[in-house]
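Have a look at the model first, then read on.

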Amino acid sequence: MSFKTGKEVIDFAKKNNVVMVDCRITDSPGLWQHCSHPISQLEESTFQDGYGFDGSSIRGWKAINESDMLMIPDPSTAFIDPFLSHPTLVLICDVVDPLSRQPYPRDPRHVAQRAELFVKQSGVADTAYFGPEAEFFVFDSARFGTGANHGYYELDSSEAAWNTDREEGGRNLGYKIRHKEGYFPVPPHDTQQDLRTEMCLEMEKMGIEVETQHHEVATAGQAEIDMKFDTLVSMADKLLKYKYVVKNVARRHGLTATFMPKPLFKDNGSGMHTHQSLWKDGKPLFAGDKYAGLSETALYYIGGILKHSRALAAFTNPTTNSYKRLVPGYEAPVNLAYSSRNRSASCRIPTYSQSPKAKRVEVRYPDPACNPYLAFAAMLMAGIDGILNKIHPGEPLDKNIYALSPEEAKGVPTMPGSLDEAVRELENDHEFLLQGGVFSTDLIESWIAYKRENDIDPIRLRPHPHEFELYFDV
(Lines give C-alpha, C1' and ligand atoms only; values in the text may rest on other atoms or scores of the structure.)
Protein backbone atom coordinates (compact mmCIF):
# COMPACT_ATOMS: atom_id res chain seq x y z
CA MET A 1 0.00 0.00 0.00
CA SER A 2 1.45 3.35 -1.08
CA PHE A 3 -0.16 6.73 -0.45
CA LYS A 4 0.40 9.86 -2.51
CA THR A 5 -1.06 12.54 -0.26
CA GLY A 6 -1.23 13.44 3.40
CA LYS A 7 -5.02 13.27 3.28
CA GLU A 8 -4.88 9.63 2.18
CA VAL A 9 -2.56 8.86 5.09
CA ILE A 10 -4.83 10.60 7.60
CA ASP A 11 -7.89 8.74 6.26
CA PHE A 12 -5.95 5.46 6.56
CA ALA A 13 -5.00 6.31 10.15
CA LYS A 14 -8.64 7.02 11.08
CA LYS A 15 -9.79 3.78 9.47
CA ASN A 16 -7.27 1.85 11.58
CA ASN A 17 -8.03 3.71 14.85
CA VAL A 18 -4.44 4.98 15.05
CA VAL A 19 -3.58 6.80 18.29
CA MET A 20 0.10 7.67 17.65
CA VAL A 21 2.20 8.66 14.65
CA ASP A 22 5.82 7.52 14.80
CA CYS A 23 8.29 9.49 12.65
CA ARG A 24 11.52 7.72 11.67
CA ILE A 25 14.77 9.02 10.28
CA THR A 26 18.04 7.23 9.59
CA ASP A 27 21.30 8.19 11.31
CA SER A 28 24.68 8.08 9.59
CA PRO A 29 25.56 4.47 10.59
CA GLY A 30 22.20 3.34 9.18
CA LEU A 31 19.90 2.77 12.18
CA TRP A 32 16.36 4.08 12.50
CA GLN A 33 15.73 6.78 15.09
CA HIS A 34 12.18 7.78 16.02
CA CYS A 35 9.91 10.28 17.70
CA SER A 36 6.17 9.83 18.33
CA HIS A 37 3.26 12.28 18.40
CA PRO A 38 -0.44 11.84 19.23
CA ILE A 39 -2.43 11.35 16.04
CA SER A 40 -4.12 14.69 16.71
CA GLN A 41 -0.79 16.32 15.86
CA LEU A 42 -0.84 14.93 12.30
CA GLU A 43 -2.52 17.26 9.83
CA GLU A 44 -2.31 17.65 6.07
CA SER A 45 -0.04 20.66 6.61
CA THR A 46 2.38 18.44 8.59
CA PHE A 47 3.52 16.86 5.33
CA GLN A 48 4.91 20.27 4.33
CA ASP A 49 5.71 21.82 7.72
CA GLY A 50 7.17 18.72 9.41
CA TYR A 51 8.18 18.15 13.02
CA GLY A 52 11.13 19.80 14.75
CA PHE A 53 13.91 17.82 16.44
CA ASP A 54 17.48 18.12 17.76
CA GLY A 55 19.85 17.18 14.93
CA SER A 56 22.92 17.42 17.17
CA SER A 57 21.82 14.28 19.02
CA ILE A 58 21.89 12.13 15.86
CA ARG A 59 25.17 10.29 15.26
CA GLY A 60 27.37 11.99 12.67
CA TRP A 61 25.07 15.01 12.22
CA LYS A 62 24.82 18.68 13.25
CA ALA A 63 26.90 20.53 15.84
CA ILE A 64 25.18 21.66 19.03
CA ASN A 65 25.19 25.31 17.87
CA GLU A 66 23.08 24.51 14.76
CA SER A 67 20.95 21.67 16.04
CA ASP A 68 17.37 22.64 15.05
CA MET A 69 16.11 20.55 12.15
CA LEU A 70 12.82 19.39 10.62
CA MET A 71 11.67 15.90 9.69
CA ILE A 72 9.19 15.94 6.78
CA PRO A 73 7.00 12.80 6.57
CA ASP A 74 6.88 10.98 3.23
CA PRO A 75 3.24 9.83 2.74
CA SER A 76 4.27 6.97 0.45
CA THR A 77 6.06 5.23 3.35
CA ALA A 78 3.11 4.95 5.79
CA PHE A 79 2.44 1.63 7.52
CA ILE A 80 1.01 0.34 10.81
CA ASP A 81 3.67 -0.93 13.21
CA PRO A 82 2.89 -4.61 13.92
CA PHE A 83 4.89 -4.77 17.14
CA LEU A 84 3.33 -2.04 19.29
CA SER A 85 0.38 -2.52 21.65
CA HIS A 86 -1.40 0.70 20.62
CA PRO A 87 -2.23 1.32 16.93
CA THR A 88 0.73 3.35 15.66
CA LEU A 89 1.26 4.81 12.21
CA VAL A 90 4.88 4.87 11.03
CA LEU A 91 6.14 7.50 8.58
CA ILE A 92 9.67 7.58 7.18
CA CYS A 93 10.84 11.18 7.02
CA ASP A 94 13.22 13.36 5.04
CA VAL A 95 15.34 15.89 6.93
CA VAL A 96 15.48 19.59 6.01
CA ASP A 97 17.02 22.75 7.42
CA PRO A 98 14.29 24.83 9.12
CA LEU A 99 15.66 28.15 7.80
CA SER A 100 16.59 27.39 4.20
CA ARG A 101 14.05 24.55 3.80
CA GLN A 102 16.75 22.74 1.83
CA PRO A 103 17.38 19.01 2.28
CA TYR A 104 20.07 18.26 4.85
CA PRO A 105 23.16 17.02 2.90
CA ARG A 106 24.06 14.47 5.61
CA ASP A 107 20.59 12.88 5.57
CA PRO A 108 21.31 9.44 4.07
CA ARG A 109 17.88 9.25 2.44
CA HIS A 110 18.54 12.55 0.68
CA VAL A 111 21.81 11.17 -0.72
CA ALA A 112 19.92 8.21 -2.18
CA GLN A 113 17.31 10.53 -3.69
CA ARG A 114 20.05 12.63 -5.27
CA ALA A 115 21.61 9.48 -6.74
CA GLU A 116 18.33 8.53 -8.41
CA LEU A 117 18.01 12.07 -9.79
CA PHE A 118 21.59 12.05 -11.07
CA VAL A 119 20.99 8.86 -13.06
CA LYS A 120 18.06 10.51 -14.84
CA GLN A 121 19.97 13.74 -15.46
CA SER A 122 22.94 11.80 -16.85
CA GLY A 123 20.75 10.42 -19.62
CA VAL A 124 22.13 6.93 -19.01
CA ALA A 125 18.94 5.51 -17.47
CA ASP A 126 15.76 6.55 -15.73
CA THR A 127 15.53 3.73 -13.18
CA ALA A 128 18.04 1.85 -11.02
CA TYR A 129 16.88 -1.37 -9.39
CA PHE A 130 18.47 -2.93 -6.31
CA GLY A 131 17.90 -6.33 -4.75
CA PRO A 132 19.89 -6.98 -1.55
CA GLU A 133 20.18 -10.45 0.03
CA ALA A 134 20.71 -9.55 3.67
CA GLU A 135 21.88 -12.40 5.92
CA PHE A 136 21.64 -12.45 9.70
CA PHE A 137 22.02 -14.63 12.79
CA VAL A 138 19.36 -15.44 15.38
CA PHE A 139 20.92 -16.42 18.71
CA ASP A 140 19.39 -17.65 21.97
CA SER A 141 21.59 -15.18 23.86
CA ALA A 142 24.36 -12.64 23.32
CA ARG A 143 26.56 -11.46 26.19
CA PHE A 144 29.42 -9.02 25.75
CA GLY A 145 31.28 -6.26 27.56
CA THR A 146 34.51 -4.29 27.62
CA GLY A 147 36.30 -2.14 30.16
CA ALA A 148 39.75 -0.95 31.15
CA ASN A 149 40.60 -4.42 32.51
CA HIS A 150 38.35 -6.83 30.63
CA GLY A 151 36.83 -7.69 27.26
CA TYR A 152 34.66 -10.66 26.35
CA TYR A 153 31.70 -11.93 24.34
CA GLU A 154 29.67 -15.12 24.44
CA LEU A 155 26.99 -16.20 21.96
CA ASP A 156 24.76 -19.25 22.20
CA SER A 157 22.22 -21.13 20.11
CA SER A 158 20.38 -24.38 20.72
CA GLU A 159 21.21 -25.54 17.18
CA ALA A 160 24.92 -24.65 17.37
CA ALA A 161 27.63 -27.20 16.63
CA TRP A 162 29.33 -26.53 19.97
CA ASN A 163 26.26 -27.72 21.95
CA THR A 164 26.25 -31.42 21.04
CA ASP A 165 27.34 -32.31 24.58
CA ARG A 166 25.26 -29.77 26.50
CA GLU A 167 22.60 -30.92 28.95
CA GLU A 168 19.31 -29.41 27.82
CA GLY A 169 16.72 -30.12 30.50
CA GLY A 170 18.49 -33.33 31.45
CA ARG A 171 18.92 -34.51 27.87
CA ASN A 172 20.20 -33.52 24.44
CA LEU A 173 18.30 -34.36 21.25
CA GLY A 174 21.27 -33.85 18.95
CA TYR A 175 20.57 -32.59 15.43
CA LYS A 176 22.97 -29.69 15.76
CA ILE A 177 24.11 -27.97 12.56
CA ARG A 178 27.81 -28.52 11.88
CA HIS A 179 30.01 -25.56 10.94
CA LYS A 180 29.50 -24.57 7.28
CA GLU A 181 26.69 -27.16 6.83
CA GLY A 182 23.68 -24.95 7.48
CA TYR A 183 22.63 -24.37 3.86
CA PHE A 184 19.12 -25.78 3.22
CA PRO A 185 18.73 -28.56 5.87
CA VAL A 186 15.15 -29.39 6.81
CA PRO A 187 13.87 -29.61 10.42
CA PRO A 188 14.77 -30.87 12.97
CA HIS A 189 18.22 -29.48 12.07
CA ASP A 190 16.65 -26.21 10.96
CA THR A 191 14.93 -25.00 14.12
CA GLN A 192 13.85 -21.60 12.78
CA GLN A 193 11.55 -22.34 9.84
CA ASP A 194 8.45 -21.05 11.63
CA LEU A 195 10.36 -18.05 12.97
CA ARG A 196 11.47 -16.99 9.47
CA THR A 197 7.96 -17.54 8.12
CA GLU A 198 6.59 -15.25 10.81
CA MET A 199 9.16 -12.65 9.79
CA CYS A 200 8.04 -12.96 6.15
CA LEU A 201 4.37 -12.52 7.08
CA GLU A 202 5.13 -9.40 9.11
CA MET A 203 7.18 -7.99 6.23
CA GLU A 204 4.30 -8.55 3.84
CA LYS A 205 1.99 -6.61 6.16
CA MET A 206 4.40 -3.68 5.78
CA GLY A 207 4.35 -3.79 1.99
CA ILE A 208 7.46 -5.89 1.36
CA GLU A 209 7.19 -8.58 -1.31
CA VAL A 210 9.16 -11.62 -0.12
CA GLU A 211 10.61 -14.07 -2.64
CA THR A 212 12.25 -16.73 -0.47
CA GLN A 213 13.53 -17.60 3.00
CA HIS A 214 15.98 -20.26 4.15
CA HIS A 215 18.68 -21.23 6.63
CA GLU A 216 22.13 -20.06 5.63
CA VAL A 217 25.52 -21.78 5.65
CA ALA A 218 26.70 -21.14 9.21
CA THR A 219 25.65 -22.97 12.35
CA ALA A 220 23.80 -21.24 15.22
CA GLY A 221 20.84 -19.79 13.35
CA GLN A 222 22.18 -18.03 10.27
CA ALA A 223 19.34 -17.06 7.93
CA GLU A 224 18.38 -15.20 4.79
CA ILE A 225 15.10 -13.70 3.59
CA ASP A 226 15.05 -12.25 0.08
CA MET A 227 12.87 -9.35 -1.04
CA LYS A 228 11.79 -8.61 -4.60
CA PHE A 229 13.97 -5.92 -6.18
CA ASP A 230 12.85 -2.30 -6.15
CA THR A 231 14.08 1.20 -6.96
CA LEU A 232 16.99 2.54 -4.91
CA VAL A 233 15.27 4.71 -2.28
CA SER A 234 12.30 2.38 -1.93
CA MET A 235 14.57 -0.63 -1.46
CA ALA A 236 16.68 1.17 1.14
CA ASP A 237 13.44 2.00 3.00
CA LYS A 238 12.44 -1.66 2.78
CA LEU A 239 15.79 -2.90 4.04
CA LEU A 240 15.36 -0.86 7.23
CA LYS A 241 11.83 -2.27 7.60
CA TYR A 242 13.32 -5.75 7.02
CA LYS A 243 15.88 -5.32 9.80
CA TYR A 244 13.23 -3.91 12.12
CA VAL A 245 10.99 -6.95 11.54
CA VAL A 246 13.80 -9.50 11.94
CA LYS A 247 14.95 -8.02 15.26
CA ASN A 248 11.46 -7.61 16.70
CA VAL A 249 10.10 -11.02 15.69
CA ALA A 250 13.20 -12.59 17.24
CA ARG A 251 12.66 -10.60 20.44
CA ARG A 252 8.98 -11.62 20.46
CA HIS A 253 10.22 -15.20 20.87
CA GLY A 254 12.88 -14.46 23.48
CA LEU A 255 15.67 -14.59 20.87
CA THR A 256 18.07 -11.96 19.55
CA ALA A 257 18.96 -11.20 15.92
CA THR A 258 22.09 -9.50 14.63
CA PHE A 259 23.26 -8.25 11.23
CA MET A 260 26.85 -8.10 12.47
CA PRO A 261 28.96 -9.38 9.54
CA LYS A 262 31.17 -11.87 11.42
CA PRO A 263 29.91 -12.85 14.89
CA LEU A 264 31.36 -16.41 14.78
CA PHE A 265 34.95 -17.56 14.42
CA LYS A 266 35.64 -20.35 11.88
CA ASP A 267 32.25 -20.12 10.14
CA ASN A 268 30.65 -18.07 7.41
CA GLY A 269 29.81 -14.45 8.05
CA SER A 270 26.69 -12.54 6.99
CA GLY A 271 26.91 -10.79 3.65
CA MET A 272 24.48 -8.76 1.60
CA HIS A 273 24.92 -9.68 -2.05
CA THR A 274 23.32 -6.78 -3.92
CA HIS A 275 21.74 -7.26 -7.36
CA GLN A 276 21.70 -4.15 -9.55
CA SER A 277 20.35 -3.19 -12.96
CA LEU A 278 19.54 -0.09 -15.00
CA TRP A 279 16.43 0.51 -17.13
CA LYS A 280 15.31 3.24 -19.52
CA ASP A 281 11.87 3.79 -21.04
CA GLY A 282 10.76 0.45 -19.57
CA LYS A 283 13.60 -1.49 -21.22
CA PRO A 284 16.50 -3.29 -19.47
CA LEU A 285 19.88 -1.80 -20.31
CA PHE A 286 22.01 -4.68 -19.04
CA ALA A 287 20.88 -7.28 -21.63
CA GLY A 288 22.97 -7.69 -24.78
CA ASP A 289 25.24 -9.92 -26.84
CA LYS A 290 28.44 -9.58 -24.84
CA TYR A 291 29.83 -11.88 -22.14
CA ALA A 292 27.10 -13.85 -20.28
CA GLY A 293 24.40 -12.08 -22.27
CA LEU A 294 25.34 -8.65 -20.96
CA SER A 295 25.35 -5.37 -22.83
CA GLU A 296 28.35 -3.10 -23.21
CA THR A 297 26.59 -0.74 -20.78
CA ALA A 298 26.50 -3.50 -18.16
CA LEU A 299 30.20 -4.25 -18.66
CA TYR A 300 31.07 -0.58 -18.21
CA TYR A 301 28.92 -0.51 -15.06
CA ILE A 302 30.93 -3.48 -13.73
CA GLY A 303 34.13 -1.68 -14.73
CA GLY A 304 33.14 1.31 -12.60
CA ILE A 305 32.26 -0.92 -9.64
CA LEU A 306 35.57 -2.79 -9.82
CA LYS A 307 37.61 0.40 -10.26
CA HIS A 308 36.11 2.04 -7.18
CA SER A 309 35.47 -1.02 -4.98
CA ARG A 310 38.28 -0.34 -2.56
CA ALA A 311 36.81 3.11 -1.85
CA LEU A 312 33.22 1.81 -1.91
CA ALA A 313 34.17 -0.56 0.90
CA ALA A 314 34.10 2.35 3.37
CA PHE A 315 30.32 2.49 2.77
CA THR A 316 29.47 -1.11 1.79
CA ASN A 317 31.57 -2.72 4.53
CA PRO A 318 31.64 0.01 7.17
CA THR A 319 32.67 -1.81 10.37
CA THR A 320 35.94 -3.20 11.65
CA ASN A 321 34.10 -6.52 11.95
CA SER A 322 33.29 -6.42 8.21
CA TYR A 323 36.90 -7.31 7.38
CA LYS A 324 36.81 -10.46 9.47
CA ARG A 325 34.24 -11.69 6.93
CA LEU A 326 36.20 -10.52 3.87
CA VAL A 327 38.80 -13.29 4.04
CA PRO A 328 39.39 -16.25 1.69
CA GLY A 329 37.71 -19.58 2.43
CA TYR A 330 34.31 -18.44 3.72
CA GLU A 331 32.55 -17.61 0.42
CA ALA A 332 33.36 -13.92 0.83
CA PRO A 333 34.53 -12.28 -2.43
CA VAL A 334 37.90 -10.79 -1.55
CA ASN A 335 39.16 -10.60 -5.14
CA LEU A 336 38.00 -7.86 -7.50
CA ALA A 337 36.93 -9.72 -10.61
CA TYR A 338 33.73 -10.53 -12.48
CA SER A 339 32.34 -13.81 -13.69
CA SER A 340 29.24 -15.66 -14.77
CA ARG A 341 28.08 -18.10 -12.05
CA ASN A 342 31.41 -18.01 -10.18
CA ARG A 343 30.59 -17.09 -6.57
CA SER A 344 34.20 -16.38 -5.67
CA ALA A 345 34.10 -13.28 -7.89
CA SER A 346 33.13 -9.94 -6.36
CA CYS A 347 30.81 -9.23 -9.32
CA ARG A 348 28.72 -12.18 -10.46
CA ILE A 349 26.29 -12.36 -13.38
CA PRO A 350 23.43 -14.68 -12.33
CA THR A 351 22.35 -17.18 -14.98
CA TYR A 352 19.08 -18.53 -13.52
CA SER A 353 17.11 -16.92 -16.37
CA GLN A 354 17.92 -15.94 -19.94
CA SER A 355 15.20 -13.29 -20.01
CA PRO A 356 16.59 -9.80 -20.83
CA LYS A 357 14.60 -8.48 -17.86
CA ALA A 358 16.60 -10.73 -15.52
CA LYS A 359 20.00 -9.48 -16.63
CA ARG A 360 21.71 -7.89 -13.66
CA VAL A 361 24.98 -7.63 -11.79
CA GLU A 362 25.35 -9.10 -8.30
CA VAL A 363 27.94 -7.24 -6.23
CA ARG A 364 28.89 -9.76 -3.56
CA TYR A 365 31.12 -7.97 -1.07
CA PRO A 366 28.65 -5.63 0.76
CA ASP A 367 27.42 -6.64 4.19
CA PRO A 368 24.20 -5.83 6.08
CA ALA A 369 25.93 -3.56 8.60
CA CYS A 370 25.95 -0.84 5.94
CA ASN A 371 23.67 2.16 5.71
CA PRO A 372 21.66 1.08 2.63
CA TYR A 373 20.96 4.62 1.40
CA LEU A 374 24.68 5.41 1.32
CA ALA A 375 25.88 1.99 0.13
CA PHE A 376 23.36 1.72 -2.73
CA ALA A 377 23.96 5.32 -3.80
CA ALA A 378 27.75 4.85 -3.74
CA MET A 379 27.61 1.67 -5.83
CA LEU A 380 25.28 3.33 -8.32
CA MET A 381 27.62 6.31 -8.65
CA ALA A 382 30.56 3.98 -9.27
CA GLY A 383 28.62 2.09 -11.94
CA ILE A 384 27.47 5.28 -13.66
CA ASP A 385 31.05 6.56 -13.58
CA GLY A 386 32.05 3.37 -15.38
CA ILE A 387 29.42 3.95 -18.06
CA LEU A 388 30.12 7.65 -18.59
CA ASN A 389 33.88 7.04 -18.82
CA LYS A 390 33.64 3.69 -20.63
CA ILE A 391 35.66 1.81 -18.03
CA HIS A 392 35.93 -1.76 -19.33
CA PRO A 393 36.34 -4.43 -16.61
CA GLY A 394 38.84 -6.50 -18.60
CA GLU A 395 38.50 -10.23 -19.08
CA PRO A 396 36.21 -12.29 -16.82
CA LEU A 397 37.67 -14.77 -14.37
CA ASP A 398 35.71 -18.00 -14.56
CA LYS A 399 38.05 -20.10 -12.44
CA ASN A 400 37.71 -20.67 -8.71
CA ILE A 401 39.71 -17.63 -7.64
CA TYR A 402 40.69 -19.20 -4.32
CA ALA A 403 42.34 -22.07 -6.24
CA LEU A 404 44.50 -19.83 -8.44
CA SER A 405 48.25 -20.32 -8.36
CA PRO A 406 50.24 -17.56 -6.62
CA GLU A 407 51.40 -16.38 -10.04
CA GLU A 408 47.83 -16.19 -11.39
CA ALA A 409 46.47 -14.53 -8.25
CA LYS A 410 49.16 -11.85 -8.27
CA GLY A 411 47.41 -9.87 -10.99
CA VAL A 412 43.96 -9.90 -9.36
CA PRO A 413 43.29 -6.82 -7.19
CA THR A 414 41.70 -7.37 -3.79
CA MET A 415 39.37 -5.63 -1.38
CA PRO A 416 40.91 -3.69 1.54
CA GLY A 417 42.01 -5.80 4.49
CA SER A 418 40.67 -3.44 7.15
CA LEU A 419 38.27 -0.55 7.68
CA ASP A 420 41.27 1.73 8.18
CA GLU A 421 42.54 0.80 4.72
CA ALA A 422 39.07 1.28 3.20
CA VAL A 423 38.73 4.75 4.72
CA ARG A 424 42.12 5.73 3.32
CA GLU A 425 41.00 4.50 -0.10
CA LEU A 426 37.87 6.66 0.16
CA GLU A 427 40.03 9.69 1.03
CA ASN A 428 41.98 9.17 -2.20
CA ASP A 429 39.09 8.14 -4.47
CA HIS A 430 35.77 9.96 -4.01
CA GLU A 431 35.43 12.40 -6.92
CA PHE A 432 32.97 10.02 -8.60
CA LEU A 433 30.68 10.36 -5.56
CA LEU A 434 30.58 14.16 -5.79
CA GLN A 435 29.15 14.20 -9.33
CA GLY A 436 25.76 15.89 -9.48
CA GLY A 437 26.05 16.89 -5.83
CA VAL A 438 24.97 13.39 -4.78
CA PHE A 439 27.52 13.07 -1.98
CA SER A 440 28.98 16.24 -0.49
CA THR A 441 32.58 16.78 0.55
CA ASP A 442 31.24 17.55 4.01
CA LEU A 443 29.45 14.20 4.23
CA ILE A 444 32.50 12.24 3.09
CA GLU A 445 34.81 14.07 5.47
CA SER A 446 32.40 13.64 8.38
CA TRP A 447 31.98 9.94 7.54
CA ILE A 448 35.74 9.39 7.54
CA ALA A 449 36.15 11.29 10.81
CA TYR A 450 33.29 9.39 12.42
CA LYS A 451 34.68 6.02 11.35
CA ARG A 452 38.14 6.80 12.70
CA GLU A 453 36.90 8.15 16.01
CA ASN A 454 34.09 5.69 16.71
CA ASP A 455 35.11 2.46 14.92
CA ILE A 456 38.79 2.27 14.04
CA ASP A 457 40.50 3.86 17.07
CA PRO A 458 38.40 2.12 19.78
CA ILE A 459 39.39 -1.28 18.31
CA ARG A 460 42.97 -0.29 17.48
CA LEU A 461 43.68 0.94 21.00
CA ARG A 462 42.11 -1.93 22.97
CA PRO A 463 43.83 -5.15 23.96
CA HIS A 464 42.11 -8.12 22.33
CA PRO A 465 41.22 -11.17 24.49
CA HIS A 466 43.14 -13.49 22.16
CA GLU A 467 46.29 -11.40 22.61
CA PHE A 468 46.43 -12.68 26.20
CA GLU A 469 46.57 -16.25 24.91
CA LEU A 470 49.31 -15.30 22.48
CA TYR A 471 51.44 -12.93 24.52
CA PHE A 472 50.76 -13.02 28.25
CA ASP A 473 53.79 -15.18 28.89
CA VAL A 474 56.25 -13.19 26.78
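Let's begin with Phe 136, which counts as buried because its relative accessibility is 0%, below the 20% cut-off. Keep in mind that this model is predicted.

Which kind of pair do the rings of Phe 136 and Tyr 242 make? A search of the whole structure finds 18 aromatic pairs. In the pair of Phe 136 and Tyr 242, the ring centres are 6.3 Å apart and the planes stand at 80 degrees, so this pair is edge-to-face. Phe 136 belongs to strand β7 (residues 127–139), while Tyr 242 belongs to helix α5 (residues 232–252), so the pair ties together parts that are 106 residues apart in sequence. Tyr 242 is buried as well, with a relative accessible area of 0%.

One aromatic cluster is formed by Trp 32, Phe 83 and Tyr 244. Tyr 244 also has Arg 24 lying over its face, and Lys 228 lies over the face of Phe 229. Here are the two cases:

| Charged residue | Ring | Distance from the ring centre |
|---|---|---|
| Arg 24 | Tyr 244 | 4.4 Å |
| Lys 228 | Phe 229 | 5.9 Å |

Is Thr 26 buried or exposed? With a relative accessible area of 5%, Thr 26 is buried. Leaving aside neighbours within four places in sequence, Thr 26 is in contact with several residues, among them Trp 32, Trp 61 and Tyr 373. Trp 32 is also a member of the aromatic cluster with Phe 83 and Tyr 244.

How values were computed: Residues numbered from 1 in each chain as written. Predicted model: local features only at pLDDT ≥ 70, side-chain atom pairs only at ≥ 80, totals over all residues. Heavy atoms only, no water. Buried < 20%, exposed > 50% of the residue type's maximum accessible area, 1.4 Å probe, protein only. Contact = heavy atoms within 4.5 Å. Phe/Tyr/Trp six-rings, centres within 6.5 Å; stacked < 30°, edge-to-face > 60°. Helix = DSSP H or I, 4+ residues; strand = E, 2+ residues; numbered from the N terminus. Lys NZ or Arg CZ within 6 Å of the ring centre and 35° of its normal.
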